[in-house]
Amino acid sequence: MDVLSDAIMAMRTGVPHSSRTFLPAPWGMRFASSGGAGFHVVLQGSCWLLMPGREAIRLTPGDVVFLAHGRGHAIADDPATPLVDVVRDEAGEWVLTEEAPPGPGPATILLCGAYRLSRARTHPLLSGLPDLVHLPARIGAHPALRAVVDLLGAELDHPGPGSGALVPALLDSMLLYILRAWLHEHAEQAATGWAAALADPAIAGALHALHRDPAHAWTVQELADRAGLSRAAFARRFAAVVGQPPLAYLTWWRMTVAGRLLATSEAPLRVVAQRGGYSSEFAFAKAFKREFGMPPGQYRRTRPWS
């Protein structure tokens, strides 16, 4: 796994949902805050994104918006249109609390998706994202993202054999391409943070090494050698860009891996400890309790990732 994939896997729960909606004006939908994340893509027509404390944003065909932290928002054909609340049903699908007859105005077609995320252990790559990521349509920009939007829209419009497996896979791809696009657009502007970290060959190489083998007994010197920097220069650069020293991040990631394994599997404590880089179950349990405030067994019973 690479860092971005691991950041997603550390938080993902359940199955993502999506819908393709035909909306003749006037229309307006209000989404309450949630613990997950979601996106909207305008396939046809135009609409407005409304969020408290922000100016309304006009969205046109090809625009993608991603709400990483599940902040409440609304979308409507016009900022003045009355809003109808949207809630989740028992299957996790979004449904309107009030049904209205189709309007007489021009239609907008939206592609929307929602992801369930556990906030028990938010990876800093995702916690550093803004509430709203807006990726305007631009000729030649992010062709892979545009391709997966087309594939997902077509599959929702004309489902066929295998759609039950294909749509979640396309939604997973959609999430990764959105994050790739955002990281790419901010890499050159950012001096610190994860966009800068993944664009810096020395720091990105060290991060990928830590994620590929978190159980390895890494030292700052070994990571610095891989980065082609002195120990002191590497440690300063890593801490400045990532926000914490290399071995502090390694400990955090090891505990995150261990916590998810405890909560989502029946792996013996010995196996969990080994994957976290501990040869002793006792030493692992002590470190785990220091990090999470409870012993591993108790944490497993709480199932925070469910």
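Me: Among contacts between residues at least 6 apart in sequence, what share joins residues at least 24 apart?
Reply: In the protein chain that share is 73%, with contact meaning heavy atoms within 4.5 Å. This is a predicted model, where local features need pLDDT of at least 70, side-chain atom pairs count only at pLDDT 80 or more, and totals for chains, interfaces and linings use all residues. Residues are numbered from 1 along each chain as its sequence is written, and side-chain values use heavy atoms, leaving out hydrogens and water.

Me: OK, how many helices and strands?
Reply: The chain has 12 helices and 11 strands. Those are DSSP runs numbered from the N terminus: helices are H or I with at least four residues, strands are E with at least two.

Me: And what percentage of the 306 residues counts as buried?
Reply: 47% of them. Buried means under 20% relative accessible area, exposed over 50%, partly exposed in between (1.4 Å probe, protein chains only).

Me: Switching to leucine 135: where does it lie, and is it buried or exposed?
Reply: Leucine 135 lies in strand β11, residues 133-135. It counts as buried because its relative accessibility is 1%.

Me: What's it in contact with, leaving aside neighbours within four places in sequence?
Reply: Its partners include Gly62, Asp63, Val64, Leu145 and Trp182. Ile178 is another one of them; that residue is 43 residues away along the chain, with a C-alpha separation of 8.2 Å from leucine 135.

Me: Now helix α11. Which residues are buried there?
Reply: Phe284, Ala287, Phe288 and Phe292. They sit on the same side of α11, because they cover an arc of only 115° around the axis (the arc is that of the directions from the helix axis to the C-beta atoms).

Me: What do those pack against, and what's on the face turned away?
Reply: The buried residues of α11 pack against α9, α10 (269-275) and α12 (296-302). The face turned away from them carries exposed Phe282, Lys286 and Arg290.

Me: Last topic: what's the volume of the second largest pocket?
Reply: About 350 Å³. Of the 14 residues that line that pocket, the closest to its centre are Asp6, Met9, Trp253, Val257 and Arg260. On a 1 Å grid over the protein atoms alone, a pocket is an open set of points where a 1.4 Å probe fits, with protein on both sides within 12 Å along at least five of seven lines; lining residues have an atom within 4 Å of a point.

Me: Which element gives the most to the lining?
Reply: α9 does, with six residues.

Key. Points joined across faces, edges and corners; volume = space filled by probe spheres on them.
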